[in-house]
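Q: Could you walk me through this structure, helix by helix, and then tell me about the core and the pocket?
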Amino acid sequence: MSDYEDGMMDALAHSISLVYSILIEVCGMLPVPISLPADSHVPASDAVPAIKRVADLGRDQPMGETQELQLYTGCIHLLAAIDLYALCAVRYADTRAEGVGANLLIAEEALKSLSLWLVINQAD
(Lines give C-alpha, C1' and ligand atoms only; values in the text may rest on other atoms or scores of the structure.)
Protein backbone atom coordinates (compact mmCIF):
# COMPACT_ATOMS: atom_id res chain seq x y z
CA MET A 1 0.00 0.00 0.00
CA SER A 2 1.09 3.56 -0.62
CA ASP A 3 1.61 6.04 2.20
CA TYR A 4 -1.70 7.68 1.24
CA GLU A 5 -3.54 4.36 1.45
CA ASP A 6 -1.88 3.50 4.77
CA GLY A 7 -2.94 6.89 6.13
CA MET A 8 -6.48 6.38 4.95
CA MET A 9 -6.65 2.92 6.51
CA ASP A 10 -5.36 4.31 9.82
CA ALA A 11 -7.93 7.12 9.74
CA LEU A 12 -10.75 4.71 8.91
CA ALA A 13 -9.72 2.29 11.67
CA HIS A 14 -9.73 5.18 14.14
CA SER A 15 -13.18 6.28 12.93
CA ILE A 16 -14.54 2.73 13.29
CA SER A 17 -13.25 2.69 16.86
CA LEU A 18 -14.91 6.03 17.61
CA VAL A 19 -18.31 4.91 16.30
CA TYR A 20 -17.96 1.62 18.21
CA SER A 21 -17.29 3.70 21.36
CA ILE A 22 -20.49 5.66 20.72
CA LEU A 23 -22.35 2.35 20.39
CA ILE A 24 -20.92 1.17 23.73
CA GLU A 25 -22.09 4.38 25.37
CA VAL A 26 -25.57 4.19 23.83
CA CYS A 27 -25.95 0.53 24.81
CA GLY A 28 -25.17 1.43 28.42
CA MET A 29 -27.92 4.08 28.34
CA LEU A 30 -30.64 1.81 26.94
CA PRO A 31 -33.68 1.08 29.12
CA VAL A 32 -32.30 -2.47 29.41
CA PRO A 33 -28.53 -1.89 29.13
CA ILE A 34 -26.51 -4.14 26.81
CA SER A 35 -22.81 -4.64 27.49
CA LEU A 36 -20.23 -4.86 24.72
CA PRO A 37 -16.51 -5.73 24.75
CA ALA A 38 -14.79 -2.48 25.71
CA ASP A 39 -11.02 -2.96 25.90
CA SER A 40 -8.62 -0.40 24.46
CA HIS A 41 -8.42 -2.58 21.33
CA VAL A 42 -11.37 -4.84 20.56
CA PRO A 43 -10.65 -7.16 17.62
CA ALA A 44 -13.27 -7.36 14.88
CA SER A 45 -13.69 -11.05 15.73
CA ASP A 46 -15.17 -9.94 19.08
CA ALA A 47 -16.84 -6.70 18.01
CA VAL A 48 -18.80 -8.02 15.01
CA PRO A 49 -20.78 -10.69 16.91
CA ALA A 50 -21.42 -8.20 19.71
CA ILE A 51 -22.75 -5.59 17.27
CA LYS A 52 -24.98 -8.21 15.63
CA ARG A 53 -26.28 -9.16 19.09
CA VAL A 54 -27.16 -5.51 19.81
CA ALA A 55 -29.00 -5.28 16.47
CA ASP A 56 -31.07 -8.33 17.46
CA LEU A 57 -31.68 -7.33 21.10
CA GLY A 58 -32.65 -3.79 20.16
CA ARG A 59 -36.06 -5.04 19.09
CA ASP A 60 -36.77 -6.06 22.68
CA GLN A 61 -35.98 -2.65 24.18
CA PRO A 62 -38.92 -0.75 25.71
CA MET A 63 -38.67 2.28 23.43
CA GLY A 64 -40.35 3.56 20.30
CA GLU A 65 -40.01 2.25 16.77
CA THR A 66 -37.94 5.26 15.71
CA GLN A 67 -35.44 4.58 18.49
CA GLU A 68 -35.29 0.86 17.66
CA LEU A 69 -34.57 1.79 14.03
CA GLN A 70 -31.86 4.26 15.08
CA LEU A 71 -30.11 1.52 17.06
CA TYR A 72 -30.50 -0.97 14.22
CA THR A 73 -29.29 1.58 11.65
CA GLY A 74 -26.24 2.38 13.75
CA CYS A 75 -25.42 -1.31 14.05
CA ILE A 76 -25.88 -2.35 10.44
CA HIS A 77 -23.96 0.61 9.06
CA LEU A 78 -21.12 0.02 11.52
CA LEU A 79 -21.04 -3.63 10.41
CA ALA A 80 -21.03 -2.57 6.75
CA ALA A 81 -18.14 -0.20 7.45
CA ILE A 82 -16.17 -3.01 9.12
CA ASP A 83 -16.82 -5.31 6.15
CA LEU A 84 -15.71 -2.68 3.63
CA TYR A 85 -12.65 -1.92 5.74
CA ALA A 86 -11.67 -5.60 5.64
CA LEU A 87 -12.02 -5.57 1.84
CA CYS A 88 -9.86 -2.44 1.66
CA ALA A 89 -7.20 -4.17 3.75
CA VAL A 90 -7.02 -6.94 1.14
CA ARG A 91 -7.22 -4.70 -1.92
CA TYR A 92 -7.46 -0.97 -1.39
CA ALA A 93 -9.88 1.03 -3.52
CA ASP A 94 -10.93 4.64 -2.98
CA THR A 95 -14.58 3.72 -3.51
CA ARG A 96 -14.41 1.14 -0.71
CA ALA A 97 -12.69 3.61 1.60
CA GLU A 98 -15.35 6.20 0.80
CA GLY A 99 -18.00 3.56 1.49
CA VAL A 100 -16.48 2.97 4.92
CA GLY A 101 -16.66 6.68 5.63
CA ALA A 102 -20.23 7.02 4.36
CA ASN A 103 -21.44 4.09 6.45
CA LEU A 104 -19.71 5.49 9.52
CA LEU A 105 -21.38 8.87 9.06
CA ILE A 106 -24.82 7.24 8.88
CA ALA A 107 -24.09 5.01 11.89
CA GLU A 108 -22.77 7.93 13.94
CA GLU A 109 -25.74 10.15 13.14
CA ALA A 110 -28.25 7.43 14.07
CA LEU A 111 -26.48 6.58 17.33
CA LYS A 112 -26.05 10.22 18.37
CA SER A 113 -29.74 10.89 17.70
CA LEU A 114 -30.64 7.88 19.83
CA SER A 115 -28.24 9.01 22.55
CA LEU A 116 -29.91 12.42 22.68
CA TRP A 117 -33.35 10.81 22.89
CA LEU A 118 -32.15 8.51 25.69
CA VAL A 119 -30.75 11.45 27.68
CA ILE A 120 -33.94 13.46 27.29
CA ASN A 121 -36.21 10.52 28.12
CA GLN A 122 -34.26 8.72 30.81
CA ALA A 123 -36.23 7.71 33.87
CA ASP A 124 -35.41 9.75 36.99
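A: Let me start with a term: the expected span of a helix is 1.5 Å times one less than its number of residues, and helices (H or I, at least four residues) are DSSP runs, numbered from the N terminus, as are strands (E, at least two). The model is a predicted one, in which local features need pLDDT of at least 70 and side-chain atom pairs count only at pLDDT 80 or more, while totals for chains, interfaces and linings use all residues. Residues are numbered from 1 along each chain as its sequence is written, and side-chain values use heavy atoms, with hydrogens and water left out.

Q: OK, what span should α4 have, and how far apart are its end C-alpha atoms?
A: The 28 residues of α4 should span 40 Å at 1.5 Å a residue, and its end C-alpha atoms are 41 Å apart, which agrees.

Q: Which residues of α4 are buried?
A: Taking buried as under 20% relative accessible area (exposed is over 50%, partly exposed in between, with a 1.4 Å probe and protein chains only), the buried residues of α4 include Arg-96, Asn-103, Leu-104, Ala-107, Leu-111 and Ser-115. The buried residues of this helix pack against α1 and α3, where contact means heavy atoms within 4.5 Å.

Q: Which helices do the buried residues of α3 pack against?
A: They pack against α1, α2 and α4, and among them are Gln-67, Gln-70, Leu-71, Cys-75, His-77 and Leu-78.

Q: Tell me about Leu-78, then: how accessible is it, and what surrounds it?
A: Leu-78 lies in helix α3 and counts as buried because its relative accessibility is 0%. Apart from neighbours within four places in sequence, Leu-78 is in contact with Ile-16, Val-19, Tyr-20, Leu-23, Ile-51, Leu-104 and Ala-107.

Q: Switching to the core, how many residues are in the largest nonpolar one?
A: It has 35 residues, and those with the most contacts inside it are Leu-23, Leu-30, Ile-51, Val-54, Leu-71 and Leu-78. The elements that give two or more residues to this core are α1 (3-29), α2 (44-57), α3 (65-90) and α4 (94-121), and the largest share, nine residues, comes from α1. A nonpolar core here is a set of buried Ala, Val, Leu, Ile, Met, Phe, Trp, Tyr and Cys residues joined through side-chain atoms within 4.5 Å.

Q: What is Val-54 in contact with?
A: With neighbours within four places in sequence left aside, Val-54 is in contact with Leu-23, Cys-27, Ile-34, Leu-36, Leu-71 and Cys-75. Val-54 is one of the buried residues of α2, and the buried residues of α2 pack against α1 and α3.

Q: Where is Ile-34, and is it buried or exposed?
A: Ile-34 is in the loop between α1 and α2, and at 8% relative accessibility it counts as buried. Beyond its neighbours within four places in sequence, Ile-34 is in contact with Cys-27, Gly-28, Arg-53, Val-54, Leu-57 and Gln-61.

Q: Last topic, the largest pocket: which residues lie nearest its centre?
A: The largest pocket is lined by 17 residues, of which Ala-13, Ile-16, Ser-17, His-41 and Val-42 lie nearest its centre. The largest share of this lining, six residues, comes from α1. On a 1 Å grid over the protein atoms alone, a pocket is an open set of points where a 1.4 Å probe fits, with protein on both sides within 12 Å along at least five of seven lines, and lining residues have an atom within 4 Å of a point.
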